[in-house]
Structure formats: structure tokens, C-alpha cells
Amino acid sequence: MAKNGYPADRINTQEAHSARVYDYILGGKTNYVVDQQAGDAMCQEWPAMPVHMRENRFFMHRAAQYLAREEGIRQFLDIGTGIPTEPNLHEVVQRTAPDSRVVYVDNDPIVLTHAQALLVSTPEGRTAYIDGDMRDPAAILAAPEVADTLDLTRPVGLMIIGIVHFLLDEDDAMGIVRRLLDPLPSGSFLAMTIGTADFAPAEVGRVASEYESRGMPMRLRTRAEAEAFFTGLDLVEPGVTQVHYWKPDADTDPNIDDRDIAMYGGVARKS
């Protein structure tokens, strides 16, 4: 067992893991040599990887701020949380609304070992963590942490950031997202980012090959495929765009090259 009580044998330090590679490229410290080697190989194939990953993270910040400030959302379900990188979702929304509640979900044992960082809420709000797999939406929604933290009769912000490109066609990514969203009430929102090779197909294709060679196959999607996740929902302006174009703020770099961003993002309301 690890010192925090989680099973140490679940942490494989001999194979790269997508969450740890992401952490390494963003400058984090929760990674191993194998993750660093993978990250270096990917950045060699596409030097824009750090810019791309940072902008994906910044989209999450802006989308969460929008939902808390403009739409009055006070509870969030964050699927595929990843290794804690400040500011985390609860820190972003609780700055606007200290009473916000957040349930984090991930099945990565590394995230489990750092879950305490995700559970430091304001006194008025609340956070919880579920060791769960996105491929099993029913188990996530039935988890006692959801019932104890969220009121599913009130709108929820469903955050699915930087993860669906690891769901292959046989996983039925669209169906998984719908099964997570369907039980949420009217007035809830879906915020997503979806990986794409539309803007730098050769470079991003090589990155995808690097991931696959390390046991992490991915399914990159076109704009039309990204938009399909939001079918039947009311998209918030500016619709589905590359993440750096979604409601940029004063901190958004106006000189970002579109070819350096391989992620679509969008936010939409459930009627």
C-alpha cells in the first residue's frame, strides 16, 4: 500500500501514462522517467505540445468561470480530473461562488494518491473524489459521493476536458457522454474539449502514433464529429471552436498559431 492507503501496485512506473505525460509537459513533478521520455518524444514530433496542453487547461478555467459567473452553476461533475494542477476546478469556481460543490472522477491511481489536494474546499462549499471509470457512467452517477455532494434536481456543470480522444470507436464515446448527461436536469451544462488533427494533421498524427506505441491509442475527431457531442443542446457562443478562441480573456495570447492547437472546445446548455 502507498502511504495514503491506496494500492501501490496499481501504479505502473514502467509504462508511460497519459496523465503523467500531460503533467510532465505542463512542468509538473508527478511523473517518472518513462513519462518524461514519452513527453520528450512527443514534443520532438510536435514542439507545440506544451502550448496546446496549456490552452486546453486554460479553456477549463474560462468555461468553469463562465458557468459560475454567468449561468449561476453551483455544482460540477468533473470527469477525467487528471493530476491536480493549480488552480483546480473547485478553486476556480469557488472564487466566484464559495458555496460551489465539485465531484471529481478519475481512475488513475496517481490521481488517487493526490486526491487530498482536490478535497480542500471552502467552508461554504464541498468537494469529493470518486475512483471511477468514464466508461461506466452508471457507476459514477450511483456513487455515494455524488448523492452526498450534488443535488441532481438542480443544474450541474458536467466537465469532460481532454479525455474523449482516449475513447475509441468501440468505446462509444458519444453514448458515454449522453449517459452522463441524460440524468442531469434541465439547465445543466456540458463543457468539453475534443482532440483533433484538423489543423496540423502530420504533426498531430505523429504524436498520436507515439501515444499508441506506448499503449495509449487515441481517436482524434473532425469538427463535425466534435460538434456531434453537443447535438440537441443549446451551444453557448462562440459555439464549438479551437479552445483558444472560446471566450478569450486578457490572459489569452493573441499570437497563438492555430496550427499549435489540436483541441476543439464547447459549452452547451441542456434544455
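Author: An angle between axes under 35 degrees counts as roughly parallel, over 145 as roughly antiparallel, 65 to 115 as roughly perpendicular, and the rest as oblique. The model is predicted, so local features need pLDDT of at least 70 and side-chain atom pairs count only at pLDDT 80 or more, while totals for chains, interfaces and linings use all residues. Residues are numbered from 1 along each chain as its sequence is written, and side-chain values use heavy atoms, without hydrogens and water.

Helix 1 (residues 18-25) and helix 2 (residues 33-45) have axes that come within 9 Å and cross at roughly 65 degrees. The two helices are therefore roughly perpendicular to each other. Helix 1 passes helix 2 in a right-handed crossing (the near helix is turned clockwise from the far one by less than a right angle). To the contact (heavy atoms within 4.5 Å), helix 1 contributes Arg20, Val21, Tyr24 and Ile25; the residues of helix 2 include Val34, Ala38, Met42 and Cys43. By class, this contact has seven nonpolar, two polar and three charged residues, with Gly counted as polar and Tyr and Cys as nonpolar.

The loop residue is arginine 135, placed between strand 3 (126-131) and helix 6 (137-142). Arginine 135 has a relative accessible area of 42% and is therefore partly exposed (buried is under 20%, exposed over 50%, partly exposed in between, with a 1.4 Å probe and protein chains only). Beyond its neighbours within four places in sequence, arginine 135 is in contact with Phe166, Leu167, Asp171 and Ile176. Its side chain reaches the backbone oxygen of phenylalanine 166 at 3.4 Å.

Conventions: Axes are lines fitted to C-alpha atoms, for helices over the stretch in contact, and angles run from 0 to 180 degrees between N-to-C directions. Helices (H or I, at least four residues) and strands (E, at least two) are DSSP runs, numbered from the N terminus. A polar contact is a pair of N or O atoms within 3.5 Å; within protein, one must be able to donate a hydrogen and the other to accept it, and residues adjacent in sequence count only if both atoms are side-chain atoms.
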